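Open the model in your viewer and keep the sequence panel beside it. The stops below say what to select and what is there.

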Amino acid sequence: MQELFKVIDQNGLILAFLLIGLLYFVSDWLSRAIFKRRIPGSAIAIFAGLGLGYLGGLITNGNKGLADLELFKGVGFLGGSMFRDFTIVATAMGASFFLIKKSGWIGLASLITGTLVFFIAGVLIAWTFGYRDAVSLCTIGAGACTYIVGPVTGGALGASSEVIALSIATGVVKTIAVTVLTPIFAKRIGLDNPTAAIAYGGVMGTSSGVTAGLAATDPKLVPYGAVSATFYTGLGCLLCPSLFYLILELLTAS
Amino acid sequence: MIYGLALLAFSFLMGQWAGEILGSILGIDANVGGVGFAMIILLLCKERLTKRNLLDSEMTFGINFWGKLYIPVVIAMAASLNVRSALSSGILAILAGVIPVILAFFAFKLLIENFKPRTDAGTI
């Protein structure tokens, strides 16, 4: 047994391949046997992943979900930003450059719409919870954009660590909400073609949420959503601590 | 196969580099659109190679393999998110995380409907 642990410890990434494969197998079976293929296996597997992340946090009190368990650290490596971005780029092979070029304007419009909707809604919710200073409001509003924009903005503005932690949590909840809600609402909002996926990526913005949600909806749409979502965090980091903060400061001062 | 993988790695690194440069030009400590640039570079390389008939199936396989690995990576990513703290850090984080998403669904629908006539006109 000791030998097995040694092998696992030295080959965390390989163990992660095996674990994800098993999880996918079970999810695919559930999709066929219980849901009659109405919910795709990949969607069940992603939800199961979130569940495991919750369990991991419950057991270790850490902040990397299942990957905090020494045994499963390879899962964290496989799900880290390097593999995530590398594999997203590879999905571009299935995309059409022509379609992306044609959708440039709607992509830009959706990015601006998305940043505004999330920031304003986040600020208003923080306001109803009693926050009145421009720095905290701005940081939480930025957290509603993505869990990267939140701490970047909070850091730039000198927000308290409690507010920054809150903004990260808000961003992670958003990612989870987008992942779960995308496959449920996709048909109703007309998210079934590449142009719509580009607009969707721009509106929602969270790369992880958009691509996970689209993967669970229709894997062919993933590259289109990713290509616009990748600009969202940058746009948020640019606007939140500068223009949006100045506007908030004017509003709260009066 | 390795040529495909190398081409992918090349596009990825160049794209990330472009994203970092754009980030520092804008004066923010974040990668702006690195993945998007990388995807566009990869697509341009693909178009060029297809035109010259240099893109064989082995090479495509080297790239598509990683593209197919995407969903397993997302599952691993979901399993390594801080789900517990996100759900336990209070009602504010949950509301501020969920309500804007629902609003954004409406915003998305409006956006799509307003853009539809124009994109249709473009295809005729």
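**Stop 1: two helices of chain A**

Select H11(A) and H12(A): the two helices pack at an angle of about 145°, with their axes 9 Å apart. Axes here are lines fitted to C-alpha atoms, for helices over the stretch in contact, and angles run from 0 to 180 degrees between N-to-C directions. Helices (H or I, at least four residues) and strands (E, at least two) are DSSP runs, numbered from the N terminus.

This is a predicted model, in which local features need pLDDT of at least 70, side-chain atom pairs count only at pLDDT 80 or more, and totals for chains, interfaces and linings use all residues. Residues are numbered from 1 along each chain as its sequence is written, while chains are lettered from A and ligands numbered from 1 in the order in which they are written.

The crossing of H11(A) and H12(A) is right-handed (left-handed if the near helix is turned anticlockwise from the far one by less than a right angle, right-handed if clockwise). On the H11(A) side, show Ala197(A), Tyr200(A), Gly201(A) and Met204(A); on the H12(A) side, show Gly209(A), Val210(A) and Leu214(A). These residues make the contact, where two residues are in contact if their C-beta atoms, placed from the backbone, lie within 7 Å. By class, the contact of H11(A) with H12(A) has five nonpolar, two polar and no charged residues. Ala, Val, Leu, Ile, Met, Phe, Trp, Tyr, Cys and Pro count as nonpolar, Asp, Glu, Lys and Arg as charged, and the others, Gly among them, as polar.

**Stop 2**

Keep H12(A), residues 207-217, selected. How many of the residues of this helix are buried? The count is 11 of the 11, so H12(A) is largely enclosed by the rest of the structure. Buried means that 20 or more other C-beta atoms lie within 10 Å of a residue's own, exposed means 12 or fewer, and partly exposed is in between, with C-beta atoms placed from the backbone.

**Stop 3: H9(A) and H10(A)**

Select residues 149-157 of chain A for H9 and 161-185 for H10. Their axes come within 8 Å and cross at roughly 160°. That makes H9(A) roughly antiparallel to H10(A) (under 35 degrees is roughly parallel, over 145 roughly antiparallel, 65 to 115 roughly perpendicular, and the rest oblique). The crossing of H9(A) past H10(A) is right-handed.

From H9(A), display Gly150(A), Pro151(A) and Gly154(A). They meet Val163(A), Ile164(A), Ser167(A), Ile168(A), Thr170(A) and Gly171(A) in H10(A). The residues of this contact divide into four nonpolar, five polar and no charged.

**Stop 4: the domains of chain A**

Colour chain A by domain: domain 1 is 2-79 and domain 2 is 96-253. These bounds come from an automatic or database domain assignment. The C-alpha centres of the two domains lie 27 Å apart. Their contact takes five residues from domain 1 and six residues from domain 2. On the domain 1 side, the residues are four nonpolar, one polar and no charged.

**Stop 5**

Show chain B, which has six helices and zero strands. Buried residues make up 47% of its 124 residues. Among contacts in chain B between residues at least 6 apart in sequence, 50% join residues at least 24 apart.

The contact between the chains takes 88 residues from chain A and 66 residues from chain B. The chain A side divides into 60 nonpolar, 23 polar and five charged.

**Stop 6**

Go to Met39(B), in helix H2 (residues 34-51) of chain B. Is Met39(B) buried or exposed? Met39(B) is buried, with 28 other C-beta atoms within 10 Å. Leaving aside neighbours within four places in sequence, Met39(B) is in contact with Val89(A), Ala92(A), Pro223(A) and Val227(A).

Next select Glu47(B), also in helix H2 of chain B. Glu47(B) counts as partly exposed, with 14 C-beta neighbours inside 10 Å. From Glu47(B) to Phe61(B) is 14 residues in sequence and 16 Å in space, C-alpha to C-alpha.

Finish at Asn53(B), in the loop between H2 and helix H3 (57-68) of chain B. Phi of Asn53(B) is near 65°, a positive value in a residue other than glycine. Asn53(B) is exposed, with 7 other C-beta atoms within 10 Å.
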